[in-house]
Amino acid sequence: MVVPSLKLQDLIEEIRGAKTQAQEREVIQKECAHIRASFRDGDPLHRHRQLAKLLYVHMLGYPAHFGQMECLKLITSPRFTDKRVGYLGAMLLLDERQDAHLLITNSIKNDLSQGIQAVQGLALCTLSTVGSAEMCRDLATEVEKLLLQPGPYVRKKAVLTAVHIIRKVPELSNIFLPPCAQLLHERHHGVLLGTITLITELCERSPAALKHFRKVVPQLVQILWTLVTTGYSTEHSISGVSDPFLQVQILRLLRILGRNHEESSETMNDLLAQVATNTDTSRNAGNAVLFETVLTIMDIRSVAGLRVLAVNILGRFLLNSDKNIRYVALTSLLRVVQSDHSAVQRHRPTVVECLREPDASLSRRALELSLALVNSSNVRAMTQELQSFLESCPPDLRADCASGILLAAESNHWYKWQPGALENMGTSCWRGAVRKPSPFSRIRQVVSVYGSCLDVELQQRAVEYNALFQKYDHMRAAILEKMPLVERGGTQDEEAKESKEAQHSEAALVPTEPQASKLLDLLDLLDGTSGAAQPPPPLEPSSEGTSVHLLDLPCVSSAPASIPNLKVFEREGLQLNLSFVRPPGTPALLLIMVTAINTSEADVTHFVCQAAVPKSFQLQLQAPSGDTVPAQGGLPVTQLLRILNPKKAPLRLKLRLTYNHFGQSVQEIFEVNNLPVETWQ
Amino acid sequence: MIKFFLMVNKQGQTRLSKYYEHVEINKRTLLETEVIKSCLSRSNEQCSFIEFKDFKLIYRQYAALFIVVGVNDTENEMAIYEFIHNFVEVLDEYFSRVSELDIMFNLDKVHIILDEMVLNGCIVETNRARILAPLLILDKMSE
């Protein structure tokens with residue numbers, strides 16, 4: 001006696017009642033066995049019920065391929081309930097890779113032509129979901145016939161099936177192109193929506209179609225105009241907006257048609273202005289339409305006034321309390337910030353506000369946008385904002401923020417006005433790196449960029465920072481410790497001494513002479529944090545860990561070892577030192593900073609240093625900081641050499657110095673010996 | 001283009017799944033688990049759009065059920081957000097105050113409704129009366 005199998009409802013109940021995964025599996029396996037048996041020799045009248053159960057089980061992730069043939073049988077049955085489940089099964093279980101799908105082609109063909117709308121609808125739905133290229137080729141003409149049939153129920157589905165056919169077999173576009181013109185006159189929104197989608201698909205695929213459809217721009221404008229101005233039409237209105245889905249679709253098509261085409265863009269201008277100003281923005285539906293309008297305005301050749309309007313709409317979105325809207329606004333502003341920079345600038349304060357968003361995807365976009373908005377007039381204010389953001393931003397944004405600040409400052413030549421600025425930034429980057437070592441290498445890389453800047457102070461600072469980064473990692477915490485208060489003051493002379501001091505001290509710096517103001521600036525920034533001692537900032541879980549962090553620095557694969565400085569020349573008090581940097585990320589590059597310092601009683605004037613390297617190297621000498629090396633250890637003259645060594649050949653360097661000293665003109669030519677191996681390996 | 005349409009509850013059980021682009025059976029469960037995980041980990045302050053692999057997810061929560069739609073990047077996120085609500089309103093009208101149980105026990109009807117609204121990844125009909133008309137006729141026929 002065959003145990004009557006469960007009805008679908010009961011099966012669902014049983015599955016819900018299963019307490020464990022194993023129990024569920026058991027129930028399902030039992031039922032599948034029933035289903036299989038019933039497929040073999042069961043009652044054809046109830047076959048659809050069995051298949052329905054199988055589909056449910058399939059949705060839960062269990063294998064159901066043995067139901068495929070049943071789908072085919074059910075599809076051929078004359079009863080609608082059978083067909084319904086059969087086609088649904090076909091959509092869920094079959095796919096192009098299996099040969100079974102070809103067998104339904106005939107059924108679909110029959111069903112398409114037999115005139116019962118519901119059945120035709122089913123067939124179209126299935127065809128558009130699982131139709132393979134061959135099936136599409138076979139059935140294209142049937143679908144085309146249905147495009148112009150009277151019933152809109154079928155037509156709307158036929159149009160979208162046409163979209164699928166074109167996607168699978170692009171050559172068939174030409175049979176679906178002619179009916180479009182007539183379909184556009186359709187009043188039925190479903191058909192219209194489908195037609196717009198079809199035209200969009202055609203235009204995206206073929207430039208010829210694009211040209212052809214430019215003719216209908218006036219018609220589209222008219223349709224959209226009617227939608228927007230006929231006020232409250234209950235049929236398709238959502239939150240007071242007439243069929244926002246259709247509006248969005250039309251706007252998208254207008255965007256494609258108006259792109260790079262003056263004439264079409266002109267035709268749309270008034271309409272877009274109308275939609276942009278008159279759409280109700282209190283609910284999401286209106287905002288969706290407005291958003292699409294803005295995207296269209298920015299993409300076509302619209303007049304300047306319209307573009308500014310669009311950007312202002314985005315700016316207004318930024319102030320909206322709905323975070324979804326802020327998200328799309330930030331994304332769109334990012335896209336247009338390059339082309340419409342001044343318009344976006346107006347919204348800078350709002351963008352900066354968005355840095356404080358709790359949602360990481362929003363604050364990331366706000367950060368990118370803020371960095372893009374930095375220019376020479378707002379760089380000071382912006383870097384301050386960004387710096388305070390750096391203190392509190394989530395760890396994964398730190399590296400981008402820090403490097404962004406540095407690059408923005410560089411490209412705006414900000415350092416020319418504020419020599420202390422690089423230190424501020426460098427230090428906050430360094431502090432940022434103390435808390436989270438991983439973006440370290442990038443920060444180092446960026447700071448190395450400064451090593452090749454023209455300004456001498458910047459160069460010096462950058463090379464010093466680089467050296468500090470490299471050599472004194474283990475001392476970072478100590479160096480950044482809060483210093484006991486000392487007098488401000490100090491002269492320019494102290495600068496040189498201070499940098500040497502930083503390089504030679506072993507423990508926490510204890511100043512023995514009047515402090516160089518620069519060093520105090522360095523440490524002044526540490527109000528509130530002092531490296532290892534104090535409780536950790538909220539984002540970093542380990543507390544005493546600062547020292548641990550430092551030792552745990554991730555190995556940057558091309559981490560350069562710190563290369564010792566080299567004193568290469570000394571004559572009558574004039575010394576020449578070389579310091580080397582191999583920036584990570586550019587293995588062939590070597591930066592040499594030549595420093596000339598004069599401890600004698602008389603100035604060295606007309607100082608010129610030239611260099612030569614073997615043929616396989618590329619050498620670039622940057623302009624020196626000056627040509628006078630002042631006496632008694634005054635401000636040294638520095639010059640940066642950039643050497644590219646792609647072949648990693650052993651480095652040889654020849655220097656030629658000419659200068660006046662003690663009333664005599666001196667020329668010295670020598671080769672630098674004892675170049676450390678790390679400079680070229 | 002809509003890539004998939006999912007209804008998953010908070011425990012990770014899929015109540016409805018419709019794929020408009022082919023995804024292997026075994027990959028589907030994985031995808032659904034990952035999707036629900038990303039949705040569950042969002043707080044109320046975060047927006048409803050997630051960037052997930054090479055598509056975008058737009059989700060809305062109704063009681064214990066998440067409706068998640070995966071789209072490619074040509075779609076207007078806010079329109080899809082509105083569409084999800086439209087779908088739920090249609091279900092609400094058909095089932096008279098729809099609940100998760102209604103969806104579970106009448107899965108085939110929900111599929112019919114969805115098929116009336118989305119064809120091949122494109123929105124085709126959003127008018128409630130028109131969507132439900134064929135279904136109501138069907139119900140009448142089977143009585």
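Predicted model: local features only at pLDDT ≥ 70, side-chain atom pairs only at ≥ 80, totals over all residues.
Is B:Lys18 buried or exposed? At 2% relative accessibility, B:Lys18 is buried.

**View 1. B:Lys18 and B:Asp115 form a salt bridge within chain B.** The N-to-O distance between the two side chains is 2.6 Å. B:Lys18 belongs to strand β2 of chain B and B:Asp115 to helix α4 of chain B, and the pair links distant parts of the chain, 97 residues apart. B:Asp115 has 4% relative accessibility and therefore counts as buried, the limit being under 20%. B:Lys18, at 2%, falls under that limit as well.

**View 2. Chain B is built from 5 helices and 7 strands.** Read from the N terminus, the order of its elements is β-β-α-β-β-β-α-α-α-β-β-α. Of the 143 residues in chain B, 62% are buried. Among contacts in chain B with a separation of 6 or more, 51% are between residues 24 or more positions apart.

**View 3. Chain B meets chain A through 49 residues of chain B and 57 residues of chain A.** About 4,900 Å² is buried between the two chains, with carbon and sulfur atoms giving 57% of this area. B:Met78, B:Phe105 and B:Leu119 supply 14% of the area that chain B buries against chain A, more than any other three residues. Between chain B and chain A there are 14 residue pairs in polar contact, counting those with both residues at pLDDT 80 or more. Several elements of chain B each supply at least two residues to the side that touches chain A, among them β2 (14–19), α1 (25–40), β3 (49–52) and α5 (128–142). Helix α2 of chain B gives the most, with 7 residues. By class, this side of chain B has 21 nonpolar, 14 polar and 14 charged residues.

**View 4. Salt bridges cross between chain B and chain A.** The count between these two chains is 5, and the count over all chains is 33. One of the crossing pairs is A:Arg365 with B:Glu51, whose closest N and O atoms are 2.5 Å apart. A:Arg365 sits in helix α22 (residues 360–373) of chain A, and B:Glu51 in strand β3 of chain B. A:Arg365 is buried, at a relative accessible area of 11%. In another pair, B:Glu116 forms a salt bridge with A:Lys157, where the closest N and O atoms are 3.0 Å apart.

**View 5. A:Glu353 and A:Arg356 form a salt bridge in chain A.** Their closest N and O atoms are 4.0 Å apart. A:Glu353 is partly exposed, at 48% relative accessibility. A:Arg356 has 54% relative accessibility and so counts as exposed, the limit being over 50%.

**View 6. Helix α4 (residues 68–76) of chain A has several buried residues.** These are A:Gln68, A:Glu70, A:Cys71, A:Leu72, A:Leu74 and A:Ile75. The buried residues of this helix pack against four helices of chain A: α2 (21–41), α3 (47–59), α5 (80–93) and α6 (104–113).

**View 7. A:Val336 lies in helix α19 (residues 323–336) of chain A.** A:Val336 is buried, with 8% relative accessibility. Leaving aside neighbours within four places in sequence, A:Val336 is in contact with A:Met298, A:His341 and A:Val344. A:Met298 is 38 residues from A:Val336 along the chain, and the C-alpha atoms of the two residues are separated by 7.4 Å.

**View 8. A:Gln345 is part of helix α20 (residues 341–345) of chain A.** The relative accessible area of A:Gln345 is 15%, so this residue counts as buried. Apart from residues up to four places away in sequence, A:Gln345 touches A:Leu373, A:Asn375 and A:Asn378.

Conventions: Residues numbered from 1 in each chain as written. Chains lettered and ligands numbered in written order. Heavy atoms only, no water. Contact = heavy atoms within 4.5 Å. Buried area = accessible area lost by both parts, 1.4 Å probe. Polar contact = N/O pair within 3.5 Å; in protein donor to acceptor, adjacent residues only side chain to side chain. Nonpolar A, V, L, I, M, F, W, Y, C, P; charged D, E, K, R; others polar. Buried < 20%, exposed > 50% of the residue type's maximum accessible area, 1.4 Å probe, protein only.
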